[in-house]
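Subject: Structure handover

Hello,

Here is the structure I promised to pass on. Please open it and keep it beside you while you read the notes below.

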Amino acid sequence: MKLAYFAWVRERIGVAEEEVELPAGITTVEDLLRWLKGRGETYDMALQAPEIIRVAIDHEHVDHSEPIAGAREIALFPPMTGG
């Protein structure tokens, strides 16, 4: 699965995107964020407050309770302002 990171999430993690193979049991966006946070210091720093991270599955913004099965790309964004 492709993960894409934007703005300060990308800067803190240190990569713009990566391909990952998720372990069994990662079924929702919330599970994914929790798993990513445990992948190391840079991920933990980027996801200190996972509840504020915006997420898009295949270019559509979703809630953290959204299932990720079948997703080709998941993008993580910091909170957005402006218009």
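Two strands pair if DSSP finds at least two bridges between them. Helices (H or I, at least four residues) and strands (E, at least two) are DSSP runs, numbered from the N terminus. With that in hand, look at E1 and E2: they run antiparallel and are joined by 3 bridges.

A word on the source. This is a predicted model, so local features need pLDDT of at least 70 and side-chain atom pairs count only at pLDDT 80 or more, while totals for chains, interfaces and linings use all residues. Residues are numbered from 1 along each chain as its sequence is written, and side-chain values use heavy atoms, with hydrogens and water left out.

**Overall layout**

The protein has 3 helices and 5 strands. Read from the N terminus, the order is β-α-β-α-α-β-β-β. The radius of gyration is 12 Å, close to the 12 Å that the globule rule gives for 83 residues, so the protein is as compact as a globular protein of that length. That radius is taken over C-alpha atoms, and the globule rule is 2.2 Å times the number of residues to the power 0.38. The C-alpha trace spans about 35 × 30 × 20 Å along its principal axes.

The accessible surface comes to about 5,000 Å². Carbon and sulfur atoms hold 48% of that surface. Areas come from the Shrake-Rupley method with a 1.4 Å probe.

Of the 83 residues, 36% are buried. Buried means under 20% relative accessible area, exposed means over 50%, and partly exposed lies in between (1.4 Å probe, protein chains only).

**The sheet**

In what order do the strands of the open sheet lie? The order is E2-E1-E5-E3-E4, and the pairing is mixed. E2 (17-19) and E4 are the edge strands, and each pairs on one side only. Neighbouring strands are turned by 25° against each other on average, direction ignored.

- Tyr 5 is partnered with Leu 76 in E5.
- E5 and E3: these pair in the antiparallel sense over 4 bridges. Arg 54 has Phe 77 in E5 as its partner, and Val 55 stands opposite Leu 76 in E5.
- E3 and E4: these pair in the antiparallel sense over 3 bridges. Ile 57 is partnered with Glu 60 in E4.

E3 and E4 form a hairpin with 2 residues between the strands. In that hairpin, Asp 58 takes a positive phi near 50°.

How many residues of E5 are buried? The count is 5 of its 5. Both faces are covered, with Glu 73, Ala 75 and Phe 77 on one side and Ile 74 and Leu 76 on the other.

**The core**

A nonpolar core is a set of buried Ala, Val, Leu, Ile, Met, Phe, Trp, Tyr and Cys residues joined through side-chain atoms within 4.5 Å. The largest one here has 21 residues. Tyr 5, Leu 36, Val 55, Ile 74 and Leu 76 have the most contacts inside it. E1 (2-5), H1 (7-13), H2 (29-37), H3 (41-46), E3 (54-57) and E5 (73-77) each supply at least two of its residues. H2 gives the most, with 4 residues.

Val 55 is worth a click. Leaving out residues up to four places away in sequence, its touching residues include Val 29, Leu 33, His 61, Val 62, Ile 74 and Leu 76. A contact means heavy atoms within 4.5 Å. Among the protein's contacts with a separation of 6 or more, 49% come from residues 24 or more positions apart.

**One more residue**

Glu 30 is found in helix H2. Is Glu 30 buried or partly exposed? Glu 30 is partly exposed, because its relative accessible area is 43%. The C-alpha atoms of Glu 30 and Ile 74 are separated by 12 Å. Along the chain, Glu 30 and Ile 74 are 44 residues apart.

Best wishes

Note on methods. Axes fitted to C-alpha atoms, helices over the stretch in contact; angles between N-to-C directions.
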